[in-house]
Amino acid sequence: MKQFFFLGLFLSAAFACAQQIRIPNSPWNIKELYQTPPVHETDCCAVAGMRSFFYEGIIFKAKPTKVFAYYKAPEGTPPEGGWPAVVCVHGGGGTAFPQWIQAWVNRGYAAIAMDLDGHLPIGDFPNREWHEQAGPPRITTFGDIEIADREQWFYHAVADVIRANSLLRSFPEVNPRKIGVHGISWGGVITAAVMGLDNRFAFAVPVYGCGFLYESTVSNFERYFKVMTPGQLSAYKTKWDPSLYIPYSTVPSLWYTGSNDGSFPLNIWQRSVSLAKTAPLLSIPVTSEHGHIWNQPEIFAFADMVVRDGKKLIQIHNAVVQKNTAMVKIASETPLSKAVLCYTTNSGAWQNRNWAQLPATLNKDRALAVLPADAKAFYFNITDVDTLCFSSAVTVVEK
């Protein structure tokens with residue numbers, strides 16, 4: 001039996017310190033990005049009840065850049081120390097989504113969402129309007145690998161997210177020790193890198209996106225990495241892949257993906273999670289659903305646990321197999337309602353595997369299920385009485 005990664009008890013949440021992380025060969029000037037960026041208010045793309053503005057990014061082709069963003073804080077008097085807050089990082093084809101901000105505001109958080117592709121949130125992808133002083137566009141999957149680091153899209157996207165954190169920390173109504181980052185798809189890739197580069201964040205939630213993209217069996221990534229020259233691939237592996245930065249993270253994290261995500265296969269996703277030093281929480285529903293979906297209740301409960309003294313969430317040990325029975329130990333302050341064994345009898349590309357589900361038995365502090373003889377891999381999904389569902393590590397069964 002071999003496990004992709006070992007998931008220990010989720011450690012009690014700790015606030016990230018503001019000390020600058022020193023990472024060998026990192027192309028970013030973190031000291032520069034920790035400075036508060038100037039803001040330029042605008043009535044462009046106005047949304048009722050929200051601020052719309054441009055904040056200054058970094059230099060592109062010897063000229064300054066600006067990043068369009070929305071921001072909103074909850075109404076009323078902030079709590080002592082200020083509101084907790086979130087940086088919302090969109091994925092491919094996305095933009096600054098005011099609805100995403102509102103979802104966090106409704107739960108008592110301030111939030112900022114920016115457009116990392118140099119667009120205004122007008123119209124639909126791919127026909128959104130460019131604005132003056134935009135940074136570089138995203139060209140396929142690291143299709144700009146040959147040009148200077150500071151002119152590549154990923155360099156700017158990561159920098160712009162860190163600068164958004166620096167900006168939020170300057171707002172008097174925001175608690176600078178309680179700012180998290182929530183990224184989806186390509187935004188999850190950025191978040192996976194940022195959580196290791198900027199340890200001022202209090203928590204991180206990468207959704208779908210991960211590292212080890214050059215090992216993906218999904219055509220959206222595989223075909224672009226296959227045509228890279230050895231030098232280009234080396235440049236990617238030594239500068240841009242999030243796997244370089246995740247090990248430096250001190251940030252409590254929740255990693256969310258579907259079992260059959262069609263962009264980020266489960267194997268590279270889990271290999272990325274295994275690098276996190278602070279034991280993460282996992283949530284892996286059996287689904288192929290993928291998109292700008294930000295309403296998963298597990299995400300808000302996780303943020304509340306870390307920065308608002310919310311309830312402690314389910315802690316799950318590594319699964320083990322004894323004879324033909326799979327078992328996982330669980331700790332939860334909230335009563336549990338259901339345990340399910342998710343397993344696959346398929347081999348090959350992970351995004352194409354079929355996952356079956358069997359009821360598991362909850363017995364005090366553990367869940368047990370008979371493992372089908374032909375199972376190739378399995379994990380447990382554990383649900384509490386508040387319908388929050390978290391997952392164990394996926395275990396690969398060697399026959």
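A cavity here is a set of grid points where a 1.4 Å probe fits but cannot get out. The structure above is a predicted model, and by this rule it has 3 cavities of 30 Å³ or more. The chain averages a pLDDT of 92, and 94% of the residues score at least 70. Residues 1-18 have a pLDDT below 50, and this stretch has 66 contacts in the model beyond near neighbours in sequence.

Start with the largest cavity, which holds about 80 Å³ of space. Its lining includes Thr 65, Lys 66 and Val 67. A run from Asp 115 through Leu 116 and Asp 117 to Gly 118 also belongs to the lining, as do Gly 135, Pro 136, His 156 and Asp 160. Strand S4 (66-72) and helix H3 each supply at least two residues of this lining. By class, the lining residues of the largest cavity divide into 3 nonpolar, 4 polar and 4 charged.

The second largest cavity has about 50 Å³ of space. Among the residues that line this cavity are Arg 138, Ile 139, Thr 140, Gly 143 and Asp 144. The lining of the second largest cavity counts 5 nonpolar, 2 polar and 2 charged residues.

Phe 142 sits in the loop between strand S6 (110-114) and helix H3 (153-170). Although Phe 142 is not a glycine, its phi is positive, at about 55°. Is Phe 142 buried or exposed? Phe 142 counts as buried because its relative accessibility is 5%, and buried means under 20%. Another residue with a positive phi is Cys 45, with a value of about 60°, and Cys 45 is not a glycine either. The loop that holds Cys 45 runs between strand S2 (39-41) and strand S3 (51-56). With a relative accessible area of 16%, Cys 45 is buried.

Trp 186 lies in helix H4 (residues 186-197). Its relative accessibility is 8%, so Trp 186 counts as buried. Which residues does Trp 186 touch, leaving out those up to four places away in sequence? They are His 90, Gly 91, Gly 92, Arg 138, Thr 141, Phe 142, Trp 153, Phe 221 and Phe 264. Trp 186 and Tyr 208 are 22 residues apart in sequence, and their C-alpha atoms are 8.3 Å apart in space.

Leaving out residues up to four places away in sequence, Phe 154 touches Trp 28, Phe 142, Val 189, Ile 190, Ala 193 and Trp 240. The largest nonpolar core has 133 residues. Phe 154 is among those with the most contacts inside this core, together with Trp 28, Val 87, Trp 104, Ile 112, Ile 190 and Phe 380. Helix H3 gives the largest share of this core, 11 residues.

Trp 104, another of the core residues with the most contacts, is one of the buried residues of helix H2. Helix H2 spans residues 98-105 and is mostly covered, with 6 of its 8 residues buried. Besides Trp 104, the buried residues of H2 are Pro 98, Trp 100, Ile 101, Ala 103 and Val 105. They pack against S4, strand S5 (83-89), S6, strand S7 (174-184) and helix H8 (297-307).

Why is H7 largely enclosed by the rest of the structure? The reason is that 6 of the 8 residues of H7 are buried. Leu 266, Ile 268, Trp 269, Gln 270, Ser 272 and Val 273 are the buried residues of H7. Their cover includes strand S9 (254-256) and strand S10 (281-283).

The last stop is a residue on the outside. Thr 387 is in the loop between strand S18 (377-384) and strand S19 (389-391). Thr 387 counts as exposed because its relative accessibility is 57%, and exposed means over 50%. Thr 387 and Ser 337 are 50 residues apart in sequence, while their C-alpha atoms are 7.8 Å apart in space.

Definitions and conventions. Residues numbered from 1 in each chain as written. Predicted model: local features only at pLDDT ≥ 70, side-chain atom pairs only at ≥ 80, totals over all residues. Heavy atoms only, no water. Helix = DSSP H or I, 4+ residues; strand = E, 2+ residues; numbered from the N terminus. Buried < 20%, exposed > 50% of the residue type's maximum accessible area, 1.4 Å probe, protein only. 1 Å grid on protein atoms, 1.4 Å probe; cavity = no way out; pocket = protein on both sides within 12 Å on 5 of 7 lines; lining within 4 Å. Points joined across faces, edges and corners; volume = space filled by probe spheres on them. Nonpolar A, V, L, I, M, F, W, Y, C, P; charged D, E, K, R; others polar. Core = buried A, V, L, I, M, F, W, Y, C linked by side-chain atoms within 4.5 Å. Contact = heavy atoms within 4.5 Å. pLDDT = per-residue confidence, 0-100.
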